[in-house]
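Here are some friendly notes to read alongside the structure. Take the points one at a time, and find each residue in the viewer as you go.

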Amino acid sequence: ESKGGMAACTDPAGRLACWSQGILEEIAEAKPGEEPAEHWSDWEMGNTMMDFLFASQDASTASLTWTAAFMSERPDVLAKVQAEQKALRPNDEPLTYDMVEQLVYTRAVIKEILRFRPPAVMVPAIAMVDYPLTDTCVAPKGSLVVPSIWAACMQGFPHPEVFDPDRMGPERQEDVQYRDNFLTFGVGPHMCVGREYAINHLVAFLSLLSTTCSWTRIYTPESHTIKYLPTIYPGDCLIHLKPLHI
């Protein structure tokens with residue numbers, strides 16, 4: 001029934017809908033007797049949709065929440081973000097892709113938020129071969145390997161416990177120097193395909209929020225705790241927003 005509804009849609013909206021229709025077109029074009037591809041099955045399509053929803057919705061929502069939380073705690077950082085916005089968009093011009101690419105400091109802030117609070121703290125993987133993790137430890141083929149992304153992001157970097165957006169700027173480039181520790185999106189051939197999209201999304205969010213609103217965070221005893229949902233969130237993030245014109 002679900003596949004029938006997707007197939008009947010003539011104007012798919014969004015990547016997930018387009019992907020679904022592409023799979024259905026492959027199935028429709030298959031020759032009689034052709035061995036079905038593994039990704040055509042309901043099971044595999046369902047798994048892929050869950051990946052889309054988890055990666056694009058839950059992880060992004062967590063990072064949006066942390067962005068609002070940290071900027072309420074660091075007015076000095078927020079002031080620099082607003083100054084960069086004012087320099088690039090002095091008359092509150094609509095934000096464009098080219099502008100997003102020029103927001104060097106705002107991008108550094110977002111990368112530091114993603115390092116300091118990576119939304120997915122672990123991403124399980126299956127060893128396809130006997131894989132040496134260290135000189136003395138080998139993960140046997142077929143074993144489940146669960147690296148701690150949050151722990152990795154807190155290693156290697158100078159003073160990793162300090163929230164310091166400048167570390168991600170063009171002068172220090174710690175995101176490049178310590179790329180093997182900056183595992184928020186993975187590293188190497190398995191790096192998340194949505195990395196740049198996610199970062200640009202967060203840069204655009206902070207750009208618009210910082211130039212249209214002022215906000216204060218209302219603290220409770222839960223505010224400085226961490227919730228695993230399964231991505232990480234602050235225990236709560238109660239925000240009081242007011243319109244702002246800068």
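1. Let us start with one serine. S143 sits in the loop that runs between β3 (138–139) and β4 (144–145). Its side chain comes to 2.6 Å from the backbone oxygen of P140. Which residues does S143 touch once its neighbours within four places in sequence are left aside? They are A125, I126 and A127.

2. Before going further, keep in mind that this is a predicted model. The protein chain has an average pLDDT of 90, and 93% of the residues score at least 70. Confidence in the chain is highest in helix α6 (residues 104–116), at a mean of 98, and lowest in helix α1 (residues 2–8), at 61.

3. Next, look for the largest pocket, which holds about 2000 Å³ of space. Its lining is made up of 47 residues, and those nearest the centre are V123, F185, G186, H190 and C192. Two or more lining residues come from each of α2 (15–29), α3 (42–73), β1 (125–126) and α9 (195–212). Which element gives the most to this lining? That is α3, with 11 residues.

4. What kinds of residue line the largest pocket? By class, 34 are nonpolar, 10 are polar and 3 are charged.

5. Now turn to a pair of helices. Helix α4 (residues 75–88) packs with α6 at an angle of about 145°, and their axes are 8 Å apart. On the α4 side, the residues that meet α6 are V77, K80, V81, E84 and Q85. Their partners in α6 are V104, Y105, T106 and V109. Sorted by class, this contact of α4 with α6 has 5 nonpolar, 2 polar and 2 charged residues.

6. Finally, two spots in the backbone deserve a look. Most residues other than glycine have a negative phi, and most peptide bonds are trans. D92, in the loop between α4 and α5 (97–102), has a positive phi, near 60°, although this residue is not glycine. Is the peptide bond from L229 to P230 cis or trans? The bond is cis, with omega near 0°. You will find P230 in the loop between β6 (226–228) and β7 (232–234).

Conventions: Residues numbered from 1 in each chain as written. Predicted model: local features only at pLDDT ≥ 70, side-chain atom pairs only at ≥ 80, totals over all residues. Heavy atoms only, no water. 1 Å grid on protein atoms, 1.4 Å probe; cavity = no way out; pocket = protein on both sides within 12 Å on 5 of 7 lines; lining within 4 Å. Points joined across faces, edges and corners; volume = space filled by probe spheres on them. Helix = DSSP H or I, 4+ residues; strand = E, 2+ residues; numbered from the N terminus. Nonpolar A, V, L, I, M, F, W, Y, C, P; charged D, E, K, R; others polar. pLDDT = per-residue confidence, 0-100. Polar contact = N/O pair within 3.5 Å; in protein donor to acceptor, adjacent residues only side chain to side chain. Contact = heavy atoms within 4.5 Å. Axes fitted to C-alpha atoms, helices over the stretch in contact; angles between N-to-C directions.
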